[in-house]
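This briefing sets out the strand and helix arrangement of one protein model for a reader with the coordinates at hand. The points are grouped by topic.

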Amino acid sequence: MKSNLAITPITYNLPRSLYFGSTNNNDSYQNRIPKPIVKTPKKDHPVALEDVSFYVANKIAIDANKMGLSRTEYLMQKIKSLSYIPQVPAVPSKSAIVGNMKATTLIDGEQIFDKTVEFVKSAKESIQVEMFEFQNPKIDGHKWPANGAEAVGGYDQHASLLPIIINKKKENPDLKVQIILDAHKWYINGNNERDRHYNNMDMIKYLKENDIDVVPYPRAAQGGAALQHVKLVAVDGKKLIIGGMNWGNHSNANHDACIALETLPNKKNSEVDNIIEDIFNKDWKFSWQRLGRTKMVSGPLSEDDQKFYKGLNKEIKQENIDYMNTVGVLYDNEKDKNRYDENDLSKLDIIKRNPVDNPAIKILATKPRELAYVNEEGKESTRDYLLNKVKTAKKLRAELFVISDKEIIQNIITRTKSGELDAKIIVDPSIIKEFPYCNKAYQDLVENGVSIREYKTDEKINQRLHSKWAVFDDREVLIGSTNWSAMGLNQNLKKGEREDYELYTEKINEEIREYLKTVSETEKEVGIPPVNRKKLDYKELYVRRAKIKKALKDINQNGEATITLQKKDYHFTEKDKGKLSTIKGYYKIMIDRNNAKEKYKRGNNEVAIAFDKPILANVFNQQFERDWKHSESEYEKVKNRFYETQEATETGNKLDLVG
């Protein structure tokens with residue numbers, strides 16, 4: 001039956017303070033929306049909102065009037081992310097062509113997670129994720145609460161990632177989803193105490209139960225890394241996001257940055273292929289190889305196991321039992337244990353990429369030497385790159401969660417003092433408070449005249465400055481997961497003392513030479529030959545210290561003692577005790593300072609990229625200037641105003657003289 005109702009186009013002409021439709025003059029819907037009792041003040045610049053239905057506009061108007069609020073106040077209460085105003089606005093995203101890609105800057109949670117959701121939703125062939133933290137409020141929110149992040153942009157988008165991935169896999173079983181996560185159980189704080197129960201335990205279990213291909217990156221006990229710290233997501237081998245942002249329940253609240261890379265439509269492949277092939281695919285292969293060849297925890301899990309261990313290693317640790325009960329059992333099957341076969345890698349479902357020659361980006365990493373098990377190489381290429389840059393660049397701007405690498409710091413100090421480097425650095429304040437060695441590094445930079453500030457974090461949302469990016473000479477951008485710390489930059493590529501800490505090692509040697517001068521005077525006073533200053537033998541120091549320690553004990557017991565040095569006997573009595581104790585103390589200091597020289601040690605699994613693009617470098621520089629000004633202390637403000645006034649006065653006086 002044909003309807004007699006005429007179908008008329010619906011148009012809207014709502015008040016400027018609550019405008020939800022098109023610009024036509026029909027006011028039939030406008031008149032049905034209640035007038036605001038409390039208006040949004042003109043100083044807040046009321047604006048029109050488009051593409052909102054009459055029902056929604058009407059309900060907002062009615063509810064706002066009932067609550068005695070302006071419509072702006074009402075919406076800010078109802079939409080949590082509207083109620084939070086960032087202390088420092090993020091510089092808007094900007095895109096530019098880099099090699100065969102479009103590269104887009106992403107600063108803070110809203111930009112980062114908007115783009116992440118966009119990429120993941122578009123997946124047709126594959127989703128590859130490598131993360132330090134992957135959490136979701138419904139899975140592990142009881143362990144990892146949002147802690148203020150609910151009010152910050154990007155929270156809802158982050159929370160949607162897990163269901164999007166699960167649903168896309170259910171809808172398209174051929175979609176390859178591969179996820180590598182950190183497998184650590186405890187977070188160790190600056191005092192070497194277990195501080196928090198870490199990390200992706202529930203998520204690994206949930207993903208595996210939902211048929212998602214997930215593997216824990218090998219821990220140090222398996223020949224892996226101290227932490228799996230990479231933060232990377234790739235879609236269809238064409239789109240990739242890399243940077244400092246974790247997928248934790250609170251991550252979006254942190255001040256952080258990433259870069260989005262997309263293969264250009266007219267290109268078959270791009271530098272995205274290079275990153276996937278060089279980082280993700282190698283880590284995927286390595287993770288499964290170690291899973292099948294090693295124990296997931298070190299130490300016994302039962303009394304029967306204890307017979308295979310000695311001393312402190314015999315302890316049955318509850319953390320290991322918990323870990324194996326929640327994650328270990330998931331992989332305690334023949335399929336997973338034997339998935340890696342060096343003669344047949346097909347079971348790994350590696351998604352081979354086609355890297356470009358002469359890529360427009362540098363792919364930098366920190367990787368353990370045990371990658372040799374899968375015919376790959378360990379790396380410290382991020383550190384190599386950074387050392388070269390701090391030795392050659394004329395300008396540095398960096399926002400860093402951590403800076404503590406001693407040689408990098410020494411180079412920054414040396415070149416800043418000589419006027420060769422204009423360096424400004426912003427760091428996270430919480431790390432300085434939590435870790436004594438980070439505080440010492442910060443103080444060294446401050447005391448040596450390097451411009452460095454603690455970021456003024458927003459305590460209402462428990463914010464951290466979590467970025468790991470730098471701009472060199474206003475054109476080259478470095479960004480990734482890598483902190484400028486020993487753990488972030490160093491790996492166990494060799495054993496013993498590092499030869500590439502030249503400035504820091506020389507600084508220690510200078511200290512030791514001063515101690516040698518001082519102790520030699522005391523050695524002469526008691527009549528023993530001074531330690532050889534030209535070629536210091538630390539074994540000799542150990543032996544001398546042990547002999548003096550025994551002599552002091554003999555004097556306490558018998559009133560006298562004898563020491564044999566260089567085949568000659570030296571006799572001591574009660575009167576020599578003070579000087580012998582002094583000598584012993586100096587020997588200990590020199591031994592400790594020598595031991596403080598950097599040695600090769602196991603670090604994290606990290607990735608970073610560097611590229612030359614001034615237009616994108618400028619985005620990070622703009623953000624830096626906003627953050628630098630925001631973090632200026634009250635003392636600096638007063639001091640700067642004083643010097644500005646003084647300079648203006650001096651300039652005025654000069655003008656008077658000229659006049």
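Predicted model: local features only at pLDDT ≥ 70, side-chain atom pairs only at ≥ 80, totals over all residues.

Strand S20 is mostly covered, with six of its seven residues buried.

- S20 pairs with S11 in the antiparallel sense, over six bridges. Within this pairing, Thr-366 has Glu-606 of S20 as its bridge partner.
- S17 is likewise joined to S20, here by five bridges, and the two strands run antiparallel. Gly-480 finds its bridge partner in S20 at Ala-608.

**The sheet containing S20**

- Eight strands make up this open sheet, in the order S12-S11-S20-S17-S16-S13-S14-S15, with mixed pairing. Strand S12 (379-380) and S15 each have a single partner strand and stand at the edges, so one side of each is left without a neighbour in the sheet.
- Helix H11 (residues 381-392) packs on the sheet and touches S11, S12, S16, strand S17 (476-480) and strand S20 (606-612). The direction of H11 makes about 120° with that of S11.
- Strand S13 (residues 395-400) and strand S14 (residues 422-427) run parallel and are joined by six bridges. Ala-398 has Ile-425 in S14 as its bridge partner.
- Helix H14 (residues 436-447) lies across S14 and S15, and its course is at about 140° to S15.

**The sheet from S1 to S10**

- A further open sheet is formed by eight strands in the order S1-S2-S10-S9-S8-S3-S4-S7, and its pairing is mixed. Its edge strands are strand S1 (95-98) and strand S7 (213-216), each of which pairs on one side only. From one strand to the next, the twist averages 15°.
- Strand S3 (residues 126-131) and strand S8 (residues 232-235) run antiparallel, with four bridges between them. Glu-130 stands opposite Leu-232 in S8.
- Helix H8 (residues 271-293) lies across S1, strand S2 (101-107), S3, strand S4 (176-181), S7, S8, strand S9 (239-243) and strand S10 (257-263). Relative to S7, H8 runs at about 70°.
- Helix H19 (residues 614-630) lies across S1, S2 and S10, and runs at about 0° to S2.

**Helix pairs**

- Two packed helices are described by the angle between their axes and the distance between those axes.
- Helix H17 (residues 538-558) and helix H18 (residues 577-595) pack at an angle of about 150°, and their axes are 9 Å apart. Angles over 145 degrees count as roughly antiparallel, and H17 and H18 are therefore roughly antiparallel to each other. The crossing of H17 past H18 is left-handed.
- On the H17 side, the contact is made by Tyr-538, Leu-541, Tyr-542, Arg-544, Arg-545, Ile-548, Lys-549, Leu-552, Ile-555 and Asn-556. H18 contributes Lys-577, Leu-580, Ser-581, Ile-583, Lys-584, Tyr-587, Lys-588, Met-590, Ile-591, Asn-594 and Asn-595. By class, the contact of H17 with H18 comprises 11 nonpolar, four polar and six charged residues.
- Helix H1 (residues 54-66) and helix H2 (residues 71-78) pack at an angle of about 95°, with axes 9 Å apart. This angle makes H1 roughly perpendicular to H2.
- The contact is made by Ile-60, Ala-61, Asp-63 and Ala-64 of H1, together with Arg-71, Tyr-74 and Leu-75 of H2. In the contact of H1 with H2 there are five nonpolar residues, no polar ones and two charged ones.

**Loop residues with positive phi**

- Asn-358 is not a glycine, although its phi is positive at about 50°. Asn-358 lies in the loop between helix H10 (334-337) and strand S11 (361-367). With a relative accessibility of 76%, Asn-358 counts as exposed, the cut-off for exposed being over 50%.
- Asn-462, also a residue other than glycine, has a positive phi near 55°. Asn-462 is placed in the loop between strand S15 (451-454) and strand S16 (468-472). Its relative accessibility is 36%, so Asn-462 counts as partly exposed.

Note on methods:
Residues numbered from 1 in each chain as written. Heavy atoms only, no water. Pairing = 2+ DSSP bridges. Axes fitted to C-alpha atoms, helices over the stretch in contact; angles between N-to-C directions. Contact = heavy atoms within 4.5 Å. Buried < 20%, exposed > 50% of the residue type's maximum accessible area, 1.4 Å probe, protein only. Parallel < 35°, antiparallel > 145°, perpendicular 65-115°, else oblique. Left-handed = near helix turned anticlockwise from the far one by under 90°. Nonpolar A, V, L, I, M, F, W, Y, C, P; charged D, E, K, R; others polar.
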